[in-house]
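Please open the structure in the viewer and keep the selection panel at hand. The stops below are to be taken in order.

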Amino acid sequence: MTDRRRRLLAWLGRRPALQAWALIAPAGLWLLLFFLVPILLMTGYSVMPRGTYGGVESGFTLEHYARFFDPLYLAILGRTVVVALLCTVLCLLLGYPVAWVIARSRRWRNLLMFLVVLPFWTSFLVRTFAMIFLLRDTGLINTMLLSLGLIEAPLTLLYTPFAVLAGMVYSFLPFMILPIYASLEKLDPSLLEAASVLGARPAARFRRVVLPLSMPGVVAGCLLVFIPALGSFLPSDLLGGAKQMLIGNLIQNQFAAARHWPFGSAASTVVMAGVLAGVLLYLRTRDRPAPAMPG
Amino acid sequence: MTPAVEFRRVSKTFGVTRAVNDLSLTIARGEFFSLLGPSGCGKTTTLRLLAGFEAPDPGGAILIDGADVTMMRPYQRNLSMVFQSYALFPHLSVERNVAFGLEQRKLPRAGIIPRVRQALELVRLDPDTFSRRMPSQLSGGQRQRVALARALVLEPAILLLDEPLGATDLKLRKEMQLELKALNRRLGITFVYVTHDQEEALTMSDRIAVMDDARVAQLGTPAEIYENPRTAFVAGFIGASNFVEGRTGGRADGRWTVRRPDGLLFRVPDQPGLHDGMTVRVAVRPEWMDLFRPDQVPPEGNAISGSVREVIYLGETMHVIVDIAEGESLTVALRNEGQLIKPLPWQAGDRVAVGWLPEDCQVLEDH
């Protein structure tokens with residue numbers, strides 16, 4: 001047995017390409033089975049007629065896509081894109097300074113990083129529920145403001161677009177901070193000193209050196225926030241009171257309550273295609289050869 | 001004339017460590033000034049204080065061209081710097097790197113482009129070949145030149161260089177040393193150069209400040225530093241030195257007689273501060289010593305006898321290590337006149353006398 005194992009390892013040792021494949025295979029199969037197959041299935045469902053009792057029937061139709069481009073659904077999509085963009089911008093504005101401070105500090109770095117990832121210790125669902133207790137009319141914020149005499153009647157915080165956005169920003173902020181931190185941490189401090197000695201004031205230093213060099217982190221962070229924000233349905237469901245539907249709610253409804261899988265699939269496919277197109281566009285504009293100095 | 005740079009009683013403390021201790025010195029305009037010392041001696045901190053990256057402890061002042069800049073930010077100081085790692089902006093082409101400082105000074109585009117070209121030509125990089133390249137597409141030597149061009153294009157009054165040649169191979173380093181020296185002469189810019197390489201400092205500098213333990217151990221021209229080291233540290237750090245110790249015992253004809261613990265006498269030149277019965281330490285350069293047969297020592301010289309331990313072949317010179325007492329040896333450097341044609345007459349085990357002239361001794365101050 002051990003002899004066979006040794007011979008197998010020796011045989012593998014002479015084949016580096018095979019080694020690489022062997023290392024990738026388990027995760028690759030996993031993703032193939034649970035990521036690629038369902039997506040292909042879903043794309044297939046989106047062009048099939050709806051079955052009478054849910055599910056699909058065999059055949060080919062584009063009616064679900066046609067239905068999706070109804071102004072009603074386009075309005076939902078438009079609202080979702082706006083909310084997801086707002087969420088991304090807020091996360092960027094809040095997260096960048098935090099990432100900068102963590103990357104610059106030596107003593108507090110580990111503690112700050114710990115605090116950033118701390119919310120991951122509980123589930124997304126629990127954390128979103130917890131926000132209800134904070135925001136509702138008899139919640140902590142209103143109780144405090146009332147007892148301080150700053151307001152006379154409770155503010156309506158829960159079940160508003162503000163609550164949805166607050167919940168989304170809170171949930172996705174770490175996904176913005178972490179990649180920006182990773183790119184800022186690699187930034188050579190002597191580049192900042194070089195810029196400074198060459199005459200750049202702090203604002204110019206940020207604009208000309210820090211920001212361009214942290215762009216990979218910014219883009220990664222924006223994608224990591226924007227994409228899940230686009231598909232999220234829990235915050236709008238729980239904190240928005242399902243008053244204003246987002247595309248995530250629509251899709252979830254189609255698969256669950258409405259049992260209209262083909263339409264849900266079509267909506268998902270449209271969102272996914274949109275995101276994919278955006279990412280591809282970004283990848284194409286990046287890594288262009290150095291432009292000539294504008295003359 | 002106002003000096004280009006003046007440090008007045010500047011100290012810098014990090015926590016409990018004092019990196020620079022009560023430093024006062026002036027650097028003349030157009031001078032090639034080197035801060036030389038081992039790592040941790042305070043030379044880099046001194047340069048960073050001058051650049052404005054660090055603020056000195058209260059009480060010290062730094063002046064540039066007569067004006068107090070102690071509180072000024074780096075971008076207000078009209079100086080330029082070449083960094084040890086070059087610190088080229090990786091996201092900008094060669095051209096944009098060099099243009100960076102000019103753009104910060106809000107120069108019109110039309111004025112920037114020819115100056116960038118000029119600066120690249122000055123450091124002997126062909127603008128047509130290199131302008132559009134990214135730093136990652138350059139060799140170490142080319143990056144060095146871009147960093148230099150980026151600093152020189154601003155026509156600064158003072159150029160700071162933080163071990164810029166550290167990462168290059170010997171041949172390129174020698175070449176750049178001569179080029180830097182030539183640029184310093186031609187452009188009239190004051191160069192302040194930090195290095196731990198004594199040969200580099202000797203090659204290029206008008207004056208050298210040898211730093212040790214947060215202080216300037218000695219400041220002088222390369223010849224003064226090399227030929228008259230004042231402390232054992234300087235004598236040992238700049239080139240090699242032999243050390244001989246003893247107690248002064250009487251002065252005659254401007255020479256002091258020194259008695260070694262073993263009773264042997266030798267003479268050293270008179271020097272302020274020497275008095276009778278004082279323990280002194282004397283440094284002698286290996287190349288200023290010679291070897292003799294024990295019975296052929298010239299009467300005007302000092303001599304210590306011993307036996308040859310080893311003969312080392314170094315190409316240009318031959319080093320002969322002579323044991324003169326238990327645990328005590330001297331190194332004598334002799335010119336290599338061709339071991340195949342005219343071999344040294346000494347080999348391990350030979351009884352010899354190490355001789356040197358009294359005026360080639362340097363009595364050290366830290367005895």
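The tour goes from a whole chain to its interface and then to a single residue.

This is a predicted model, in which local features need pLDDT of at least 70 and side-chain atom pairs count only at pLDDT 80 or more, while totals for chains, interfaces and linings use all residues. Residues are numbered from 1 along each chain as its sequence is written, and chains are lettered from A and ligands numbered from 1 in the order in which they are written.

**Chain B.** Select chain B, whose C-alpha trace spans about 80 × 55 × 40 Å along its principal axes. Its secondary structure comprises nine helices and 20 strands (DSSP runs, H or I of at least four residues for helices and E of at least two for strands, numbered from the N terminus).

**The side facing chain A.** Next, display both chains: 24 residues of chain B are in contact with 20 residues of chain A (contact means C-beta atoms, placed from the backbone, within 7 Å). Strand 6 (79-82), helix 2 (94-104) and helix 3 (109-122) of chain B each give two or more residues to this side. Helix 2 of chain B gives the most, with six residues.

**B:Ile208.** Finally, select B:Ile208, in strand 9 (residues 207-212) of chain B. Is this residue buried or exposed? B:Ile208 counts as buried because it has 29 C-beta neighbours inside 10 Å (buried requires 20 or more other C-beta atoms within 10 Å of the residue's own, exposed 12 or fewer, partly exposed in between, with C-beta atoms placed from the backbone). Leaving aside residues up to four places away in sequence, B:Ile208 touches B:Ser34, B:Leu36, B:Ala201, B:Gly220, B:Pro222 and B:Ile225.

How values were computed:
Contact = placed C-beta atoms within 7 Å.
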